[in-house]
Structure formats: C-alpha cells, structure tokens
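Keep the sequence and the 3D view open while reading.

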Amino acid sequence: MVVMQILHMNKGNGETSYAKNSIVQSNIISLGRRAVDEALKKLMLSNSDISSLGIADLGCSSGPNSLLSISNIVDTIQNVCLDLDRPVPELKVSLNDLPSNDFNYIFASLPEFYDRLKKRDDNNNDCLGFDRRGEGPCFISAVPGSFYGRLFPRQSLHFVHSSSSLHWLSQVPCGEVSKEDGVIITADLDNKGKIYLSKTSPKSVHKAYALQFQSDFLVFLRSRSEEVVPGGRMVLSLLGRSSLDPTTEESCYQWELLAQALMSMANEGIIEEEKIDAFNAPYYAASSEELKMVIEKEGSFLIDRLEVSPVNWEGGSVTEENYDILRSKPEALASGRRVAKTIRAVIEPMLEPTFGHNVMDELFERYAKIVGEYSYVSSPRYAIVNISLVKMG
Ligand SMILES: C[S@@+](CC[C@H](N)C(=O)[O-])C[C@H]1O[C@@H](n2cnc3c(N)ncnc32)[C@H](O)[C@@H]1O
C-alpha cells in the first residue's frame, strides 16, 4: 500500500466528504487553541521588530478546518499586535498536505476567506495594517508533499501548526526484516483478523508500529529543524494515548471495532478474510513518553508545554452528561452513525483499494451499528496529545 497515494480524506463536499464530517477535528483544533495563542504571544514578544512571519499548517486537508486554523492564527497575531501597539507583520502562510489532497476545494474558498479578514479589519477601524491595494497582509499558498521530509527553504518558518495529522505514518510498518545476499527483505505484519494494534497482536507487530512511528517522527523533527528559525515555534496536536499500553480503548478501539465489522462481512463471504489479515492501518497513537523520547533524541526543539486531553468519539468533552445520553439505546445508535461518518470520511480512501468501492456502504452501516452498541455500554474516548515546541538557537 503506497500511503502517499491512498492517504487523503474523502474529497469534495458531498455527504461522505471530510468537509462535511470533520467536526471532531474542528474540536481538536479548538482544544489546541490555548497552546497556539500562548506560543504566538511568546513568538511575537521575542521578535519585537519582525516585519514578516513564515507560517505553515501541516496536514491541512480540505474543508472548513483548513482555513479555521489559519483564521485563528491570524486573529491571534492581530490581537497581540494590537495589544503591543505594533504593526501586524506580513504573514506568508503555507498550507501543506499530500499531493492527493483536494487543494482545489481550499483555493475555491480563499476569496471568501480574504473577504472575511478584510471585513474584520474594517470593523477594527482599519488599524491592523491591511494593505488596501492587495489581498491584505496574509498571503496563502499551498505546498503539496509529505511532512516526513523537507518542504520549505532553510530557516523560512517562524510558526508551524499541525492538527489531527501526525498520527498518520509514512508507511505501513513492515514485519521481520532479514538480509539475504545483502538484499533487505521485509515481510508483511502477522496481524490476523486485525487492522491495527490489538490485544491479540503479536509482540513483533507492536514493535514494528512503535519503530515506524519513532523513525517517522524523527524525520519530521529533523526536517522542521532545518526549516524553522531559532526561537521559532511549533504546536502539534495528534491522536495519542495517555498510558504506555497501546491497546487501551483510547489508543485503538475505533480500529478494533472496524476490524469486527470487516470480519463479520468476511464470515458471510462478502469480503475475503486474507484481505483483512493483509491490511494494516498506517496509523499510530503515540504516548507522551514516546514523543518526548524522540524530541530529546533529535535535539533541536525544547518542549514548552505537553498536555493529553480526552475527547469523546464525537469530539465533545468527556463529561458525565455527555455519556449519560448514550445510556439510551436510540441515542447510542444515532451517535454510532455520526461517529462512523466521521471515521468514514477519513479512512474510506484507504480501505477502498483493498476491499473495493462496492462494499463501503455496507461496511460503514455495520460499523455504525457496532460503534452504537459499544457506546451504549461504554464511554469511548480519544486521547489528544498537544505539544508546544520551541526551536533552540
Ligand atoms: C484528519 S486530516 C486533518 C486535517 C486538518 N488539519 C484538520 O484538523 O481538520 C489529516 C490530514 O493529514 C494529511 N497527512 C497525512 N500524512 C501526511 C504527510 N505525511 N504529509 C502531509 N500531510 C499528511 C492527510 O492527507 C490529511 O489531509
């Protein structure tokens, strides 16, 4: 499976599109807002006469969230400048995602986005330094490519943001690696009936996933360390876990239940079981300890803040009231349908090449039911890891 080709969210703005089903990720952006605001304030305070800022959002996808992060960032910079009585620097904003991302969707919404920025400026009596002759001091461009590698010129970025993206690996981890006559041979993971880490996955599968994440995250940090100026900042939010065990509910149950849905179809002869055995998601929910370990190993960034926060599977807060609603069966099943839609928008393009387009409706109907039944008896949640980093001088 070539991750670069199949890792993209459902395109356009139809019923199953990411644009229409990204409320969980939008809530994760809101959850990270405090860290973003704090990092930007510190950045502006330590760069008193800066006239231009390089900003990148990595894994921007397509849909309302792509510009939501940028809107928040612009807003905060403008407010900080207003507080400090300073002109707003020009903002060179780069939106990055893999080449298969639906960038056209974002381009089409740019005129409206620029209009909103201008209106906001007008409401502030034009005091924020917008250039009335041009598009304003926010210049947005797209940079297609993998963030597991260099994307930007050396020392061109002051602030890097990434939300709900870094849990995607650069490739599906490989199984046993051996050398024959100097040629490296890799084997598929032996992960029968599962599509991600599970309590029944062999130790070798656990090891392969952890090593793949560590190697990817190291490359990510090395690449950014070239691109970010000393004193520059990064705020990264990703799905992770709060415990060392990668098979707890918050770490992997969305995959566990999807494997159940696939297996139920295999048992009825609708899909082949061997295909489930062979499929493994290019995903990893890292613990804070693993993240810290790689950040220290790479050595260019200091951790300013690291928090792990739970959100429920619909992206809401983890409160008794929110889970009490699910103790009603119809509510739990309705929630299951909403959760299945948000997950479908993200992983359908990954599943289609293996299992076929024609079984997707059936698969996600079964999945919705399984998730609903599970939510009725449990209180499922994700763990969101939010890290704020500063580049050392
Ligand atoms: C769930 S979406 C999150 C999008 C957006 N940041 C949000 O919060 O809604 C994850 C995005 O990360 C992108 N992505 C995954 N791996 C990537 C990589 N190696 N390089 C660039 N983008 C990547 C995917 O294509 C996808 O658009």
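## Helix H2 and its cover

Helix H2 spans residues 23–31, and its buried residues include Val24, Gln25, Ser26, Ile28 and Ile29. Buried means under 20% relative accessible area, exposed means over 50%, and partly exposed lies in between (1.4 Å probe, protein chains only). Helices (H or I, at least four residues) and strands (E, at least two) are DSSP runs, numbered from the N terminus.

## Basis of the model

This is a predicted model, where local features need pLDDT of at least 70, side-chain atom pairs count only at pLDDT 80 or more, and totals for chains, interfaces and linings use all residues. Residues are numbered from 1 along each chain as its sequence is written, and side-chain values use heavy atoms, with hydrogens and water left out.

## H3 against H4

Two packed helices are described by the angle between their axes and the distance between the axes. Helix H3 (residues 33–45) and helix H4 (residues 64–84) cross at roughly 45°, and their axes come within 10 Å. Axes are lines fitted to C-alpha atoms, for helices over the stretch in contact, and angles run from 0 to 180 degrees between N-to-C directions. H3 is therefore oblique to H4. Angles under 35 degrees count as roughly parallel, over 145 as roughly antiparallel, 65 to 115 as roughly perpendicular, and the rest as oblique.

The crossing of H3 and H4 is right-handed. A crossing is right-handed if the near helix is turned clockwise from the far one by less than a right angle, and left-handed if anticlockwise. Contact means heavy atoms within 4.5 Å. On the H3 side, the contact residues are Arg33, Val36, Asp37, Leu40, Lys41, Met44 and Leu45. On the H4 side they are Asn72, Ile73, Asp75, Thr76, Ile77, Val80, Cys81 and Leu84. By class, the contact of H3 with H4 has nine nonpolar, two polar and four charged residues. Ala, Val, Leu, Ile, Met, Phe, Trp, Tyr, Cys and Pro count as nonpolar, Asp, Glu, Lys and Arg as charged, and the others, Gly among them, as polar.

## H6 against H9

Helix H6 (residues 203–227) packs on helix H9 (residues 288–298) at about 45°, with the axes 9 Å apart. That makes H6 oblique to H9. Their crossing is right-handed. H6 contributes Ala210, Phe213, Gln214, Phe217, Leu218, Leu221, Arg222 and Ser225. H9 answers with Glu290, Leu291, Met293, Val294, Ile295, Lys297 and Glu298. The H6 and H9 contact holds nine nonpolar, two polar and four charged residues.

Gln212 also lies in H6. Is Gln212 buried or exposed? Gln212 is buried, at a relative accessible area of 11%. Leaving aside neighbours within four places in sequence, Gln212 contacts Leu169, Ser170, Gln171 and Pro173.

## H7 and what follows

Just after H7, Gly269 takes a positive phi of about 75°.

## Loop residues

Most residues other than glycine have a negative phi. Gln155 is not a glycine, yet its phi is positive, about 45°. Gln155 sits in the loop between strand E3 (138–144) and E4. Its relative accessible area is 45%, so Gln155 is partly exposed. Ser164, also not a glycine, has a positive phi of about 55°. Ser164 lies in the loop between E4 and strand E5 (177–180). At 13% relative accessibility, Ser164 counts as buried.

Arg327 is in the loop between helix H10 (320–325) and helix H11 (329–355). Arg327 is partly exposed, at 35% relative accessibility. Which residues does Arg327 touch, not counting residues up to four places away in sequence? They are Ser375, Tyr376, Val377, Ser378 and Ser379. Arg327 and Tyr376 are 49 residues apart in sequence, but 5.4 Å apart in space, C-alpha to C-alpha.

## Cysteines

How many disulfides does a search of the whole structure find? The search finds zero disulfides, a disulfide being a pair of cysteine sulfur atoms within 2.5 Å. For Cys60, the nearest cysteine sulfur is that of Cys138, 14 Å away. Cys60 is buried, at 5% relative accessibility. For Cys138, the nearest cysteine sulfur is that of Cys81, 13 Å away. Cys138 is buried too, at 1% relative accessibility.
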